[in-house]
Amino acid sequence: MCGIVGYIGYRKAAPTILNCLKALEYRGYDSAGIATASNGSLHVKRDVGKIAEVHEKHNLRDLGGSIGIGHTRWATHGVPSMANAHPLVDCTGKLAIVHNGVIENYSEIKEWLSKKGHKFKSDTDTEVAAHLIEENLKRGLNLEKAVGSAVARFKGNYAFAVLRLGEKKLVLARDGSPLVVGFGKNEMFAASDVPALLKYTRQFAFMEDGDVAVITRKGAQFIHKGRRVKRRKTNVNWSADMAQKEGWPHFTIKEINEQVVSIPAALRVGVKRGAELVRKAKRIHIIGCGTSYHASLIFKQLLANHAGLECDAWVASEYKEGAVIKPGTLVIAVSQSGETLDTALAVKHAKAKRAKVLAITNVVGSSLARGANANIYINAGPEVSVVATKTFTAQVAVLTSLALAVAGKKPKKGRFAKKIKQVLKLGRQIKKIAKKLRTTNDYFFIGRGLMAPVSMEGALKLKEIAYVHAEAYPAGELKHGPLSLIADGIPIIALAPTGANEPKMLGNIKECKARGGRIMAVSNSLRIIREADWGVNMPKACDELTPLLYIIPLQLLAYYACLERKLDPDKPRNLAKSVTVE
Ligand code: AGP
């Protein structure tokens with residue numbers, strides 16, 4: 001999704017903004033730009049491409065002034081082009097604006113503005129905001145009021161940063177899309193996300209939906225529904241280094257390897273208050289999108305098996321379509337970013353029906369965390385790669401502790417970090433398998449019980465970064481249809497730890513082999529490994545912790561499959577780290 005940066009202070013704005021934009025690259029984008037103001041002129045440079053390409057072409061550092069805004073655009077309205085790249089300017093050429101989100105009613109506003117003589121130069125929804133603010137300024141409003149009055153007309157969701165020539169301030173607005181204010185000494189920042197600003201500050205205020213903020217060199221003022229309000233400052237204990245590659249070729253592989261620390265850290269997270277809420281609830285719903293949904297499915301099974309409690313798991317965007325929410329319902333909202341709009345809207349819907357919300361997030365102070373009745377932070381540290389790896393396992397670790405705590409139990413950790421290390425060492429073997437499969441474009445992932453959601457997560461990783469077709473099925477479902485697709489050479493990734501499901505998995509593996517399928521078995525059972533074309537030997541772990549180990553070979557497979565195809569694992573096409581549109 002689009003990334004926003006704003007700066008006002010004593011440094012040269014353009015290079016500062018450029019650094020922050022680079023730290024936002026992981027959000028996914030197709031064009032970039034910066035606007036600054038100095039010596040009575042507004043300077044704007046923007047173009048299609050990655051920041052490095054735009055910089056190479058236009059020298060983005062070479063813009064004067066110590067106030068400015070920057071943007072990485074993920075195209076929604078209008079193709080990626082120079083004209084549609086942000087910052088966009090009004091008719092006077094004195095006001096520049098960057099935007100994240102979608103203005104749903106932009107066409108009617110555009111028509112109204114066109115009749116008033118405004119000339120549009122892009123196909124974006126954003127440009128109406130620039131002209132509407134211009135119109136409000138003509139009426140004599142100051143910049144913050146002009147912005148406030150403009151956003152009040154918008155339907156949809158947005159985060160804006162606005163720069164006007166001659167003003168010693170930036171104006172920000174948010175509703176539905178994330179925007180944080182960063183505090184420095186004689187300088188202030190704004191950005192879509194905390195990691196963008198870690199090089200400069202660790203003190204943040206998170207804007208609320210409906211807020212307008214004014215930042216000057218000296219600080220920030222927040223306005224909500226026309227009134228001055230206070231927004232709490234939060235210190236974030238992440239460092240800029242944590243969001244650097246530190247010698248690894250990609251963030252993806254760095255973050256996969258960091259699981260040796262992040263999983264044990266997440267298993268230590270306190271879940272007492274969360275467990276009380278689950279015990280007291282009349283109904284339990286767990287919601288999330290993508291990877292977070294897969295983590296939710298694991299919780300559902302563990303809660304049933306360990307605490308004997310029923311829990312409905314929902315893809316957040318489908319929650320409104322059929323969930324029965326009554327007072328006494330607890331909604332566990334799982335989102336590593338805490339900013340996913342689908343999850344936020346599902347939570348809003350549940351709260352309107354008097355449900356309680358327990359948020360499981362990675363980002364302290366994120367929208368989801370702020371709006372929840374209780375929070376559990378998964379403690380994974382910043383995750384830069386678009387694909388979730390260490391945040392998935394941290395979510396699963398916390399949810400495992402939570403499900404067990406409801407039953408008064410704890411996971412049997414043993415020497416778990418050692419086992420994680422052992423699994424990470426399988427990277428070399430998996431790299432070779434990925435090489436053998438480099439021309440294969442259809443994969444099946446199968447597993448039973450806790451391994452079914454892990455298969456889904458493994459297939460998702462492969463789709464996201466290697467761009468190959470991968471389907472996941474509970475292994476028992478194969479014979480109900482998809483078996484017709486198993487033919488010569490099709491790889492089947494079978495997750496089969498020892499235990500009650502092992503004999504059935506063995507049967508499923510044989511079924512696939514009989515039809516020409518090639519098996520990559522991830523297992524600690526010799527019987528299973530012997531059946532496989534590629535046997536990935538796993539250490540034994542207690543049942544409830546197997547998902548945390550078994551996902552790692554699948555993350556590695558996706559990573560190496562991606563490299564075999566000469567793709568960039570950190571920035572998969574069409575995807576964004578935090579998805580702030582519906
Ligand atoms: C995971 O690799 C994906 N990038 C995606 O499915 C992600 O998990 C989903 O968009 C939800 O994000 P969230 O956890 O930040 O809410």
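**Ligand site and pockets**

Modeller: An oxygen atom of the ligand sits 2.4 Å from an N or O atom in the side chain of Thr-340, a polar contact being a pair of N or O atoms within 3.5 Å. This is a predicted model, where local features need pLDDT of at least 70, side-chain atom pairs count only at pLDDT 80 or more, and totals for chains, interfaces and linings use all residues. Residues are numbered from 1 along each chain as its sequence is written, and side-chain values use heavy atoms, with hydrogens and water left out.

Biologist: Which polar side-chain atom lies 2.6 Å from an oxygen atom of the ligand?
Modeller: That one belongs to Ser-292. Ala-388 also takes part, with a polar backbone atom 2.9 Å from an oxygen atom of the ligand.

Biologist: How much of the ligand does the protein bury?
Modeller: The protein buries 91% of the 410 Å² that the ligand exposes when taken alone (Shrake-Rupley accessible areas, 1.4 Å probe).

Biologist: Switching to pockets, what volume does the largest have?
Modeller: About 570 Å³. A pocket here is an open set of points on a 1 Å grid over the protein atoms alone, with protein on both sides within 12 Å along at least five of seven lines; lining residues have an atom within 4 Å of a point. Volume is the space filled by probe spheres set on the points.

Biologist: Where does the largest pocket lie?
Modeller: Domain 1 (3–242) and domain 2 (245–411) both contribute to its lining, so the largest pocket lies between them. Helix 10 gives the most, with six residues.

Biologist: What's the lining like by class?
Modeller: The largest pocket has ten charged, seven nonpolar and six polar lining residues. Charged covers Asp, Glu, Lys and Arg.

Biologist: What about the second largest pocket, which domains line it?
Modeller: Domain 2 (245–411) and domain 3 (424–571) each supply at least three residues. The second largest pocket holds about 490 Å³.

How values were computed:
A polar contact is a pair of N or O atoms within 3.5 Å; within protein, one must be able to donate a hydrogen and the other to accept it, and residues adjacent in sequence count only if both atoms are side-chain atoms. On a 1 Å grid over the protein atoms alone, a cavity is a set of points where a 1.4 Å probe fits but cannot get out, and a pocket is an open set with protein on both sides within 12 Å along at least five of seven lines; lining residues have an atom within 4 Å of a point. Helices (H or I, at least four residues) and strands (E, at least two) are DSSP runs, numbered from the N terminus. Domain bounds come from an automatic or database domain assignment.
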